[in-house]
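Biologist: Hi! Could you walk me through this one?
Modeller: Happy to, here it comes.
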Amino acid sequence: MKKIFHYYSLTPEWQHKLADQTETKVIDNKIIIFPEKIGKGQSYFTQVTPGISVFFIDLSLNTPLKICREVSENDLYIFHFDLSEHVNLIKINNEDYEIGSYDKLDLAIIDNQIESSYKPAVHERTFAVRILVDKSLLSNFIAKYSSKETKHQTKDKTQKKDEFYHYGNIDSNSTLLLQSLKTKSIHDLSFDSFIKGTALKLLGNFFSRFYDLENNTNPLTQAENEAMNKTKDFLLENIYGPFPSVVFLATMAGMSESKYKIAFKKCFNTTPNNFFIKEKMTIGKELLKSGEFHTLTEVMYELNYSKLSYFTSKYYELFNRKPIDDFVKKGH
Amino acid sequence: MKTIEHFYSADLSWVENFAKQYNGKVEGNFIIVPEDIQSGTRYFLDCGEGIVAYYINVEYKKNLHLIQKNSSNDFVGFYYNLTDGEATVSVHNSLYNVSRWQYNLSVIDGTLESDYNVTKGSKTFALCIFIKKSSIREYALNNRLKFPNIDEILNPEKNTMIRFDRMSNESFHILDDLRKKKVGGPVFDLNLVGTVHMLIANYLKKLASKRIIIQTVNQPDLTSIISTQMYLIEHIEDHFPSIKLLAEKANMSESKFKTLFNKITGNTPNMFFMENKLLRAKELLESKQFSISQISDRLNFTNNSYFASKFKEHFGVSPKTFVQDL
């Protein structure tokens with residue numbers, strides 16, 4: 001297997017090392033067209049803003065190749081977006097990660113201080129975008145990242161604070177951006193601006209999703225909310241009757257039972273039955289204090305219970321008091 | 001009617017004066033304008049490389065007359081204007097309507113004086129990009145573009161750039177994407193600069209594809225074509241209305257209609273319709289309020305699989321995958 005060594009910097013000069021080893025030349029400090037021997041394809045590098053550069057590679061290999069990235073002095077983070085429709089291997093700290101295709105994990109963030117190597121599959125179109133970002137731009141992000149890593153759902157491993165990598169999914173809007181990049185030709189007049197724009201928007205999407213993660217609660221749709229409120233109103237209107245059953249309520253909301261129960265819990269943070277009992281008890285308390293009844297049993301029947309002990313125990317559960325303590329007897 | 005005299009430039013020197021004219025102030029990158037003139041946001045950002053972006057998303061409470069008299073003539077302004085309502089620009093005594101359904105992209109040289117009129121109640125969403133002429137030259141040189149007369153084009157004494165045009169559908173949706181973002185903060189700045197670059201890319205693509213310059217199409221024809229576009233957008237959730245009906249609406253023969261539509265929008269009517277329909281579908285998916293089959297029914301696709309295949313063809317990702325990673 002052929003091995004290629006290279007390093008990254010924000011400025012274009014690093015490309016010459018890569019080009020030398022693949023026996024080709026850098027055109028305009030931007031484009032490398034790989035020779036047929038290695039594979040068909042090209043790469044493109046450009047500086048987006050001071051502190052952000054983007055490297056784009058679109059290549060079908062003919063021989064196995066291992067692209068090893070060496071540590072360089074630049075303080076960088078590398079955002080690797082992979083949109084190949086097969087699995088490539090990325091090796092970080094002697095651990096192999098599969099990257100590529102949509103259902104696999106397709107985003108890696110690597111610290112420039114960690115060595116890594118990239119092994120694209122042979123005879124497949126490998127398509128990746130790497131965004132190099134100066135660490136000083138990201139200090140805020142890193143601080144936040146370290147404090148939040150435990151909550152992060154994706155599979156990630158954190159090294160020491162200043163040396164970390166992250167492994168996760170690209171969000172949908174970014175995937176669309178990358179897909180449209182796939183259809184462009186690097187020789188187009190508009191390509192340079194287009195890839196700059198894409199790189200910035202990718203970063204924008206990543207950070208907005210990243211900072212949004214906390215309030216990502218998967219809310220109910222409007223239609224579901226309406227259905228929930230409808231059944232809630234129904235329960236309140238029939239508070240003096242028996243519990244109408246979840247089957248009935250779910251039909252009313254136009255959902256399956258299990259979906260209904262989950263949605264109800266999301267909406268009101270309790271189960272339908274517990275909600276119903278709680279409301280009943282609140283009414284019960286009012287009735288007890290109203291002084292309209294002679295005995296507890298009368299109140300109990302009013303609320304459609306048939307066992308006083310059940311009523312008492314539920315009442316105690318909720319208010320930590322016995323019904324008799326709140327009872328005001330009807331005066332003669 | 002309030003009259004404001006101001007100038008723009010490809011650096012941030014215009015901001016102070018601009019805010020003062022409105023009796024407003026500058027806070028961070030925002031220009032705060034008193035509520036009785038307009039409500040909404042004005043945001044500016046230096047994008048580097050001699051490019052300044054100026055983002056406007058406001059509703060006007062008064063008729064406004066803006067007179068632009070620039071002190072420096074070394075820049076070109078690109079105005080992407082999506083005003084719902086009435087907005088006109090007059091340059092050299094000719095009046096152009098620049099709201100969303102008219103010429104919504106104007107390119108005006110900094111040397112020119114222009115009058116911008118906007119009426120009360122108009123909602124403006126616009127992005128203005130000011131680019132230094134020297135940056136354009138540098139850009140052309142770096143990318144080995146062949147503009148044989150670039151010096152002449154950029155020499156203010158010999159030539160003034162002015163062009164009224166319509167932005168491409170793609171540019172429109174790039175702007176629409178930006179509109180959904182919350183203004184301010186580093187994430188927005190990334191998006192804003194990204195948007196500027198993508199708009200420039202689109203503009204260059206357009207120059208390269210040598211489509212006809214819209215200004216040369218005769219006015220009534222252009223209006224009819226745009227009105228059919230408007231009709232298609234308004235009925236985006238229905239079936240495609242047929243070329244025959246559209247041609248009748250535009251008062252043209254079918255063949256003339258098709259050719260002209262293609263020339264002006266760069267797309268066939270059906271493609272234009274489908275593209276916008278799919279973008280609408282994407283928006284609906286993003287709202288997370290509907291299931292895929294609900295959306296496919298609502299947008300009148302024959303069946304789910306046809307919808308899914310069209311979606312995948314256009315975006316490269318199936319609707320299901322799209323929703324999953326949202």
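Modeller: First, a term: a crossing is left-handed if the near helix is turned anticlockwise from the far one by less than a right angle, and right-handed if clockwise. This is a predicted model, where local features need pLDDT of at least 70, side-chain atom pairs count only at pLDDT 80 or more, and totals for chains, interfaces and linings use all residues. Residues are numbered from 1 along each chain as its sequence is written, and side-chain values use heavy atoms, without hydrogens and water.
Biologist: So which hand is the crossing of helix 6 and helix 9 of chain B, left or right?
Modeller: Right-handed. Helices here are DSSP runs (H or I, at least four residues), numbered from the N terminus.
Biologist: And which residues of chain B make that contact?
Modeller: Helix 6 of chain B brings Gln229(B), Leu232(B) and Ile233(B), while helix 9 of chain B brings Pro269(B), Phe272(B), Phe273(B) and Asn276(B). Contact means heavy atoms within 4.5 Å.
Biologist: Switching topic, how many residues does each chain put into the contact between chain A and chain B?
Modeller: Chain A gives 36 and chain B gives 34.
Biologist: How many salt bridges cross that interface?
Modeller: Zero by the rule, which asks for a side-chain nitrogen of Lys or Arg within 4 Å of a carboxyl oxygen of Asp or Glu.
Biologist: Which element of chain A gives the most to the side that touches chain B?
Modeller: Helix 4 of chain A, with 15 residues.

Definitions and conventions. Chains lettered and ligands numbered in written order. Helix = DSSP H or I, 4+ residues; strand = E, 2+ residues; numbered from the N terminus.
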